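Visitor: I have a model open and a list of questions about its packing. Could you take me through them?
Guide: Gladly; here is the structure.

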Amino acid sequence: MKKEVKDTIIVELGEMLKAYPHFYLADLSGLNAEKTSVLRRKCFKSEIKLLVVKNTLLHKAFEASEIDFSPLYDSLKGNTAVMFTNTANVPAKLLKEYTKEGVPSLKAAYAEESFFVGADKLDELAALKSKNELIADVVALLQSPVKNVVSALQSGANTIHGVLKTLGERPE
């Protein structure tokens with residue numbers, strides 16, 4: 001590969017690292033062509049950008065980045081695929097579907113501004129909540145007391161109305 005092509009790839013990888021806040025490094029070496037194609041389709045449907053890259057080029061893109069990715073350097077061995085995503089837990093859930101087969105396996109991940117190195121971190125990554133899920137949880141917690149107050153007032157109004165009606169109908 002010519003140096004110009006390598007430089008272009010490094011720049012493109014650097015742009016991807018800036019564009020996507022989360023990425024996973026996975027080993028796809030045990031997948032045949034059919035299973036790789038199925039995985040690529042699932043990634044596309046889940047809005048995950050899957051790229052198979054040379055480790056040295058990815059390492060140089062990491063070095064050129066503003067973020068210190070040095071904890072991931074040891075993971076750059078063998079076959080490496082990068083899964084870029086905007087939602088931190090989606091690739092983990094996708095990779096978890098394949099854990100029975102053992103392929104693809106997680107090498108490392110950069111999610112929620114943290115490093116996760118090793119296949120044993122897959123469950124932890126799958127349990128991460130996205131920003132939208134956290135916002136939905138907070139909104140639900142904030143709405144809960146309001147719903148209780150409104151419900152109590154509505155049921156109390158019916159009770160007060162019933163009492164007043166009974167008192168009004170009672171002969172004197």
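Predicted model: local features only at pLDDT ≥ 70, side-chain atom pairs only at ≥ 80, totals over all residues.

Visitor: Is Asn55 buried or exposed?
Guide: Buried means under 20% relative accessible area, exposed over 50%, and partly exposed in between (1.4 Å probe, protein chains only). Asn55 sits in helix α3, residues 55-64. Its relative accessible area is 16%, so Asn55 is buried.

Visitor: Which residues is Asn55 in contact with, leaving aside neighbours within four places in sequence?
Guide: Contact means heavy atoms within 4.5 Å. With those neighbours set aside, the contacts of Asn55 are Leu76, Lys77, Gly78 and Thr80.

Visitor: What do the buried residues of α3 pack against?
Guide: Helices (H or I, at least four residues) and strands (E, at least two) are DSSP runs, numbered from the N terminus. In α3 the buried set is Asn55, Leu57, Leu58, Ala61 and Phe62. They cover an arc of only 165° (from the directions of the helix axis to the C-beta atoms), so they share the same side of α3. They pack against α1 (3-19), β1 (22-27), β2 and β3.

Visitor: Which residues are exposed on the other side of α3?
Guide: The buried side includes Leu57 and Phe62. On the other side, the exposed residues are Thr56 and Ala64.

Visitor: Which residue forms a stacked aromatic pair with Phe62?
Guide: Rings of Phe, Tyr and Trp (its six-membered ring) pair if their centres lie within 6.5 Å; planes under 30 degrees apart count as stacked, over 60 as edge-to-face and the rest as tilted. By this rule there are 10 aromatic pairs. One of them has 6.4 Å centre to centre and 20° between the planes, and the partner of Phe62 is Tyr73.

Visitor: How many residues apart in sequence are the parts that this pair ties together?
Guide: Phe62 is buried, at 1% relative accessibility. Tyr73 is partly exposed, at 24%. Phe62 lies in α3 and Tyr73 in the loop between α3 and β3, so the pair joins parts whose separation in sequence is 11 residues.

Visitor: Where does Asn89 lie, and which backbone oxygen does its side chain meet?
Guide: Asn89 is in the loop between β3 and α4. At 3% relative accessibility, Asn89 counts as buried. A polar atom of its side chain lies 2.7 Å from the backbone oxygen of Leu128.

Visitor: Why do the buried residues of α2 line one face of the helix?
Guide: Helix α2 covers residues 33-45. Its buried residues are Thr36, Leu39 and Cys43. Seen down the axis of α2, they line one face because they fall within an arc of 60°.

Visitor: What do those buried residues of α2 pack against?
Guide: The face of α2 turned away from the buried side carries exposed Glu34, Phe44 and Lys45. The buried residues pack against β2 (49-53), β3 (80-85) and α4 (90-97).

Visitor: Which residue caps the N-terminal end of α2?
Guide: A side-chain oxygen lies 3.2 Å from the backbone nitrogen of Glu34. That oxygen belongs to the capping residue, Asn32.

Visitor: Which residues have the most contacts inside the largest nonpolar core?
Guide: A nonpolar core is a set of buried Ala, Val, Leu, Ile, Met, Phe, Trp, Tyr and Cys residues joined through side-chain atoms within 4.5 Å. The largest has 22 residues, and those with the most contacts inside it are Tyr24, Leu39, Met83 and Leu125.

Note on methods: Residues numbered from 1 in each chain as written. Heavy atoms only, no water. Expected span 1.5 Å × (residues − 1). Polar contact = N/O pair within 3.5 Å; in protein donor to acceptor, adjacent residues only side chain to side chain.
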